[in-house]
Amino acid sequence: MKQYKRLIKALISPNVMVDSVLDINLEDYYTKGFRQIFLDIDNTVVGLTEATCNLDIEHWINTAKKVGFQVFIVSNNISWIRIYKVAKQMNLSGYYFAAKPLTFTGDFIHQKHQLDHQKTLVVGDQVLTDVIFGNWMGSYSILVDPIERKSNKIKKAQYKLENSLLKWVGLK
Ligand SMILES: [Mg+2]
């Protein structure tokens, strides 16, 4: 039982927690050897009630590209048009309906572009999808605070559950 607990803790613990993607120091991570970013969309770079990234986040993504990162959108959203809009705005490759925390979409991207899992930053706002997805692949997981926490009842309940999980692993 203890072993399971340790395994679960390892899966749900983000490597780092930040308030916003804007707090991620891109040059630092590049210097450390990271080369690509798998970026969640909803509530990570775009609020749930917004259609596109705001200027600050647009600037951050452009900086990431300038620094040398390959940035991929990996979203569980089933609306390809939503992902397409952001992908087009930011000139990125986008994958929708990714089924995170399952890793097949992530594995597919690594394979297609011949990328190293260990050089991947996985950035998202949810423990049960983004963080597990990143940890499971052996990548580096960064949990951001959701842009709109109180968007709807289901999301609210999800974040509450995730908060108690983070408390359980001693990160909150
Ligand atoms: Mg999200």
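Let's start with Pro101. Pro101 is found in the loop between strand E4 (93-95) and helix H5 (104-112). Helices (H or I, at least four residues) and strands (E, at least two) are DSSP runs, numbered from the N terminus. The model is predicted, so local features need pLDDT of at least 70 and side-chain atom pairs count only at pLDDT 80 or more, while totals for chains, interfaces and linings use all residues. Residues are numbered from 1 along each chain as its sequence is written, and side-chain values use heavy atoms, with hydrogens and water left out.

Back to the loop. The peptide bond from Lys100 to Pro101 is cis, with omega near 15°. Phe97 lies in the loop between E4 and H5 too. Its phi is near 55°, a positive value in a residue other than glycine. Why point these out? Most residues other than glycine have a negative phi, and most peptide bonds are trans.

Phe97 counts as exposed because its relative accessibility is 55%. The cut-offs: buried is under 20% relative accessible area, exposed is over 50%, and partly exposed is in between (1.4 Å probe, protein chains only).

Next, Gln114. It sits in the loop between H5 and strand E5 (120-124). Phi of Gln114 is positive, near 50°. Gln114 is exposed, at 74% relative accessibility.

Now the charges. Side chains of opposite charge can pair when their charged atoms come close. How many salt bridges does a search of the whole structure find? It finds 3. A salt bridge here is a side-chain nitrogen of Lys or Arg within 4 Å of a carboxyl oxygen of Asp or Glu.

Take Asp40 and Lys100. Their side chains meet in a salt bridge, 3.1 Å from N to O. Asp40 lies in the loop between strand E2 (36-39) and helix H3 (55-67), and Lys100 in the loop between E4 and H5, so the pair ties together parts 60 residues apart in sequence. Asp40 and Lys100 are buried.

Asp42 forms a salt bridge with Arg82, and the closest N and O atoms are 2.6 Å apart. Asp42 is in the loop between E2 and H3, while Arg82 is in helix H4 (residues 80-90), so this pair links distant parts of the chain, 40 residues apart. Are they buried or exposed? Both Asp42 and Arg82 are buried.

Lys100 comes back. It forms a salt bridge with Asp130, the closest N and O atoms being 2.8 Å apart. Asp130 lies in helix H6 (residues 127-137), so this pair ties together parts 30 residues apart in sequence. Asp130 is buried, with a relative accessible area of 3%. Lys100 is buried at 6%. Asp40, Lys100 and Asp130 are linked in a network of salt bridges.

On to the largest pocket. About 160 Å³ of space lies in it. A pocket is an open set of points on a 1 Å grid over the protein atoms alone, where a 1.4 Å probe fits, with protein on both sides within 12 Å along at least five of seven lines; lining residues have an atom within 4 Å of a point. Volume is the space filled by probe spheres set on the points, which are joined across faces, edges and corners.

Which residues line the largest pocket? Among them are Asp40, Asp42, Lys100 and Asp130. The lining divides into 1 nonpolar, 5 polar and 6 charged residues. Ala, Val, Leu, Ile, Met, Phe, Trp, Tyr, Cys and Pro count as nonpolar, Asp, Glu, Lys and Arg as charged, and the others, Gly among them, as polar.
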